[in-house]
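Hi everyone, thanks for coming.

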Amino acid sequence: MKMKRRASSVLLGALALIMLITGCSQPGSNSSSSPSGGSSETPSASADASMGTGGSAVGFIFVGTKDDYGYNQAAYLGSVAVEEAYPDLKVLRAENVPETAEAERVMEQMIKDGAKIIFPTSYGHLEPALNVAKRHPDVVFFHQGGLKTSTNVGTYFGTIWEPVYLAGVAAGKMSKTGKLGYIVSVPIPQVLLNVNAFTLGARSVNPDATTSVVFTGSWCDPGQQANAANSLIDGGVDVLSLHQDCMKTVIETAERRGVMTVGYHADASSLAPNGWITGSLWNWPELFVEMVKTAQDGQFKGSKFDGKYRGTLADNVVQLGSFGANVPADVVQYVEDQKKALLDGTLLPFAGPVKDQSGGVRIAEGETPTVEQLEGSDYLVEGVIGSIPK
Amino acid sequence: MILADILTGAIRSGTSVMLASQGELVSERAGVINLGTEGSMLGGALGGFAVTVWTGNPWLGALAGGLCGLLIASIHAFLVLSCGANQLATGLTIMFFGMGVTAFFGRGFVSEQIVGFNPVALPLLSDIPFLGPILFNHDPLTYLSILLVPLLWYVIFRTRIGIMLRTAGEREEVLFASGINPKLVRYLAVLAGGFLAGIGGAQLSIAYTHAWVENMTAGRGVVAVALVIFASWKPARAMLGAYLFGAAQALQLTVQQQGYAISPFFLFMVPYLLTLLALLIVERRKSSRTPEALGKVFAGEGSG
């Protein structure tokens, strides 16, 4: 009896432990940063002009693995471009860096190894980066997607909701049931904004279309993704999209069950020869090289990257992916026309009036929200089924 | 219809947990708690995926997955049975070891694609109204896992092997007296348990998700261990518990789609809360019988 009680209390503890672990990403079991380069100590100058210059390395930290068909792979490709453009700079990479104080440790190590420029590429790497930045005023940080900046921390991102809107238009055209599904992780503004853009796009061509949104609580848990995909398909959805760091399982599950897909982060058309509609992609290489050049030249202060830089569809920082073989020519043509309108400014996806789920007007008639306002989205638009924690 | 969807989802997402819990049950019947089941599942998920990538044959993959699970469990067996290490501490260590070692060796497999196992609708049976789609439209490993349960029950409760297994977990001195080495029985039980957990992990990677991602079991192995207690060390109940966990996962996803104003964060907890609740209820029930020597290290006189 005593044994039983002891055993089960340990089990309860272990269960709680695993909830903690899975809740905040993986332990940093394998960081792949290069061995320390033995760079000599560098004088710490805090003058604006020397900020970010004189380093022997550039550091990149990723929250996942570099070949996840997704977010991290896109950022990794950017780091490869930097490597090619600057053969003299050592590119230090660390994968699977959790969004905790562990990230600070990794960045400190990179600075010790000679990095004067660091790319923390995950949303949750922002706070650790701000902390490290305070201690190292001579190092420039380019954070991906952050809403906060400091003297030596700039953030960059892309208006990915533009191609997501266009993909929504395509999905609205392709769907027979008018029921679309969206698998997402946690309700942060980026995620809500994409779900909204997708839904507005779909409803621009099919006013009755709805998007069922399902939160999995994780950026990449294939088992739960498969559950979510199956559950949405059982519910009658015939187009699935997602905002997850990895997407193989969702795209494949949908393909197997004869459901169409809209991808995110990277092109996964090869995984779904029948059902692939299109996707929204990041194109970091040129931007990353430009950012490194700016910092290397001592031009960071006052540049467009000093603050919140947002690359657009017109800048080619975000892109609409290729269309699947089964998308009819007239749908492709229609979406391409919409894309042109978006590029020349005649189409504004979030032009008011935009209503939220309860019918309240969030963007008034005749109003156009700023990028800043959009990035603070804390609501889901009319036509989205699902709820966000209040 | 929603009920049918949830029940189908229960089997889909519960199968990997179910296989692992059957394995843990065998191990615990012989007196060894293996918290490293999570590690064995991860080993199975990666090993199964890798061999399926190399050979294109998911059956070989499943076998390799089982063997990888067994390999990881063998470390636990050695430390606990031969070195006399504490079972709970060792198990936790093995769990984290499994996470690390699979993350390390799995790096190259994240982008690989496989055909793997796919759902096969059984002719006639899958046409049965309501039950057909729930029970008879799954991948081959799922069918096998369902067949495993009565088989395991039979072996444990109706065969000589089963008597030896249970005796190892209850009264090892009796085994001694009949000339059987209890340590050997326990070794075999832990290895068999690791094998089943490995197959469970492989089901997740090569049948259900067709993907390998670091730490993809996300705690399913720990849930499996908890379920064994909920199940009072009985195979059919462990199966029920695993499907209950699967159903809770499917349920929370279905509830989200209905648009009720329930926070997803609360829903994420539901499967774990249900499992904890079930544990607590069983804890209070008299009928649950713990193998008497569970958790004790065999050292000739059963110190522990």
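**Where the chains meet**

Let's start at the contact, to which chain A gives 47 residues and chain B gives 53 residues. On the chain A side, the elements that supply two or more residues are helix H1 (2–23), strand E7 (210–215), helix H7 (222–234) and helix H8 (248–256). Which of them gives the largest share of that side? That is H1(A), with 12 residues. By residue type, the side of chain A that touches chain B has 22 nonpolar, 17 polar and 8 charged residues.

Before going further, please remember that this is a predicted model. Chain A has an average pLDDT of 87, and 87% of its residues score at least 70.

**Chain A as a whole**

Chain A contains 11 helices and 15 strands. Of its 390 residues, 54% count as buried. If we take contacts in chain A between residues at least 6 apart in sequence, 68% of them join residues at least 24 apart.

**The parallel sheet**

Next, find the open sheet of 6 strands in chain A, with the order E2-E1-E3-E4-E5-E11 and parallel pairing. Strand E2 (90–94) and E11 of chain A are the edge strands, each pairing on one side only. From one strand to the next, the twist averages 20°. As a reminder, strands of a sheet pair through backbone hydrogen bonds, either parallel or antiparallel.

Let's walk through some of the pairs. Strand E1 (residues 57–61) and strand E3 (residues 115–120) of chain A run parallel and are joined by 5 bridges; here A:Gly59 stands opposite A:Ile118 in E3(A). Strand E4 (residues 140–144) of chain A is joined to E5(A) by 4 bridges, also parallel, and A:Phe141 has A:Val153 of E5(A) as its bridge partner. On to the next pair: 4 bridges link E5(A) with strand E11 (residues 308–311) of chain A, again in parallel, and A:Gly158 sits opposite A:Gly311 in E11(A).

Let's stay with strand E5 (residues 153–158) of chain A for a moment. How many of its 6 residues are buried? The count is 6 of the 6, so the strand is largely enclosed by the rest of the structure. In a regular strand the side chains alternate between the two faces of the sheet. You can look at each face in turn: A:Val153, A:Thr155 and A:Phe157 are on one side, A:Gly154, A:Tyr156 and A:Gly158 are on the other, and all are buried.

Helix H4 (residues 126–135) of chain A lies across E3, E4 and E5 of chain A, and runs at about 170° to E4(A).

**The mixed sheet**

Chain A also has an open sheet of 7 strands, ordered E12-E10-E9-E8-E6-E7-E15, and its pairing is mixed. Its edge strands, which pair on one side only, are strand E12 (318–320) and strand E15 (384–385) of chain A. Inside this sheet, strand E8 (residues 239–243) and strand E9 (residues 260–265) of chain A run parallel, joined by 3 bridges, with A:Val239 opposite A:Met260 in E9(A). H8(A) packs on the sheet, where it touches strand E6 (179–184), E8 and E9 of chain A, at about 170° to the direction of E9(A).

**A few backbone details**

Most residues other than glycine have a negative phi, and most peptide bonds are trans. Let's look at some exceptions.

A:Asn96 has a positive phi of about 55° and is found in the loop between E2 and helix H3 (101–112) of chain A. Is this residue buried or exposed? A:Asn96 is buried, because 24 other C-beta atoms lie within 10 Å and the cut-off for buried is 20 or more.

B:Leu124 also has a positive phi, near 65°, but B:Leu124 counts as exposed, with 9 C-beta neighbours inside 10 Å.

Finally, the peptide bond from A:Gly352 to A:Pro353 is cis, with omega near 5°. You will find A:Pro353 in the loop between helix H10 (329–343) and strand E13 (354–355) of chain A.

How values were computed:
Residues are numbered from 1 along each chain as its sequence is written. Chains are lettered from A and ligands numbered from 1 in the order in which they are written. This is a predicted model: local features need pLDDT of at least 70, side-chain atom pairs count only at pLDDT 80 or more; totals for chains, interfaces and linings use all residues. A residue is buried if 20 or more other C-beta atoms lie within 10 Å of its own, exposed if 12 or fewer, and partly exposed in between; C-beta atoms are placed from the backbone. Two strands pair if DSSP finds at least two bridges between them. Two residues are in contact if their C-beta atoms, placed from the backbone, lie within 7 Å. Ala, Val, Leu, Ile, Met, Phe, Trp, Tyr, Cys and Pro count as nonpolar, Asp, Glu, Lys and Arg as charged, and the others, Gly among them, as polar. Axes are lines fitted to C-alpha atoms, for helices over the stretch in contact, and angles run from 0 to 180 degrees between N-to-C directions. pLDDT is the predictor's confidence in each residue, from 0 to 100.
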